[in-house]
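I wrote down what I looked up, in the order in which I looked it up.

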Amino acid sequence: MPALPRFTVPSLSKEKGGKVAAILQERLHALNDLHLTLKHVHWNVVGPHFIAVHEMLDPQVDAVRLMVDTIAERIATLGVPPVGTPGALVKARTWDDYSLGRASAIEHLGALDEVYEGVITAHRKAADDTESLDTVTNDLLVGHLHELEQFHWFIRAHLENSGGSLSTEGAKTELDAASEAKKGA
Ligand SMILES: [Fe+2]
């Protein structure tokens, strides 16, 4: 367990402040990983629809970097030092590095569907877990989810057919999702 903060926000106990900061630290790592992954895709997407995907991703990178900043500053506000170094991120993360290098737009979109699925599921859990602990942090995370879920839809709209089904339905890994997306294209 990390040491208790010496101070935290008014009306929260130090224990609760430390607990909320620990939840936020996981989200800080996840979203730092996400904006780096989105840039990696921006650089590695090839083939037809290159420019659409290349250009769609930069506003997502910028928005996620802003989310990272609000999370880190909320951790500091709670009296805990935020950790933003790459080594700490890799040590703490519970997921693998993004699986694709140079690949077609549809394959990266399939893989990104999986990436957003994981990030949003964990972000929603963090929002649920902070609901009774700290409504301000809960509000921050819910605000991020408005954008993250819209970005996920931007990705999924490329994978959806006119009947409303996703080509990546049932895929469990980024590589599976990439291959299903390619088949469904
Ligand atoms: Fe660029």
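**Entry 1**

I looked up leucine 4 and found it in the segment before H1, where helices (H or I, at least four residues) and strands (E, at least two) are DSSP runs numbered from the N terminus. I noted that residues are numbered from 1 along each chain as its sequence is written. I also noted that this is a predicted model, in which local features need pLDDT of at least 70 and side-chain atom pairs count only at pLDDT 80 or more, while totals for chains, interfaces and linings use all residues.

Is leucine 4 exposed, partly exposed or buried? Leucine 4 counts as partly exposed because 15 C-beta neighbours lie inside 10 Å; a residue is buried if 20 or more other C-beta atoms lie within 10 Å of its own, exposed if 12 or fewer, and partly exposed in between, with C-beta atoms placed from the backbone. Leaving aside its neighbours within four places in sequence, I found leucine 4 in contact with Lys14, Glu15 and Gly18, contact being C-beta atoms, placed from the backbone, that lie within 7 Å. I then turned to isoleucine 106, which is 102 residues from leucine 4 along the chain, and the two C-alpha atoms are separated by 46 Å.

**Entry 2: two positive phi values**

In the segment before H1 I also looked up serine 11, whose phi is near 75°, a positive value in a residue other than glycine. Serine 11 is exposed, because 7 other C-beta atoms lie within 10 Å. Histidine 49, in the loop between strand E1 (45–46) and H2, has a phi near 70°, again positive in a residue other than glycine. With 17 C-beta neighbours inside 10 Å, histidine 49 counts as partly exposed.

**Entry 3: H1 against H2**

How do H1 and H2 pack? Helix H1 (residues 14–44) and helix H2 (residues 50–77) meet at an angle of about 160°, with their axes 9 Å apart; axes are lines fitted to C-alpha atoms, for helices over the stretch in contact, and angles run from 0 to 180 degrees between N-to-C directions. H1 is therefore roughly antiparallel to H2, since angles over 145 degrees count as roughly antiparallel, under 35 as roughly parallel, 65 to 115 as roughly perpendicular and the rest as oblique. By class, I recorded 15 nonpolar, 6 polar and 5 charged residues in the contact of H1 with H2; Ala, Val, Leu, Ile, Met, Phe, Trp, Tyr, Cys and Pro count as nonpolar, Asp, Glu, Lys and Arg as charged, and the others, Gly among them, as polar.

**Entry 4: H5 and its neighbours**

In H5 I found Thr137, Leu140, Leu141, His144, Leu148, Phe151 and Ile155 buried, and what covers these buried residues includes H1, H2 and helix H4 (105–131). The axes of H2 and H5 come within 11 Å and cross at roughly 165°, which means that H2 is roughly antiparallel to H5. On the H2 side, Met56, Gln60, Ala63, Met67, Thr70 and Arg74 meet Thr137, Leu140, His144, Glu147, Phe151 and Phe154 in H5. By class, this contact has 6 nonpolar, 4 polar and 2 charged residues.

**Entry 5: aspartate 69**

Last, I looked up aspartate 69 in helix H2, which counts as partly exposed with 14 C-beta neighbours inside 10 Å. Aspartate 69 and isoleucine 106 are 37 residues apart in sequence and 30 Å apart in space, C-alpha to C-alpha.

Key. Contact = placed C-beta atoms within 7 Å.
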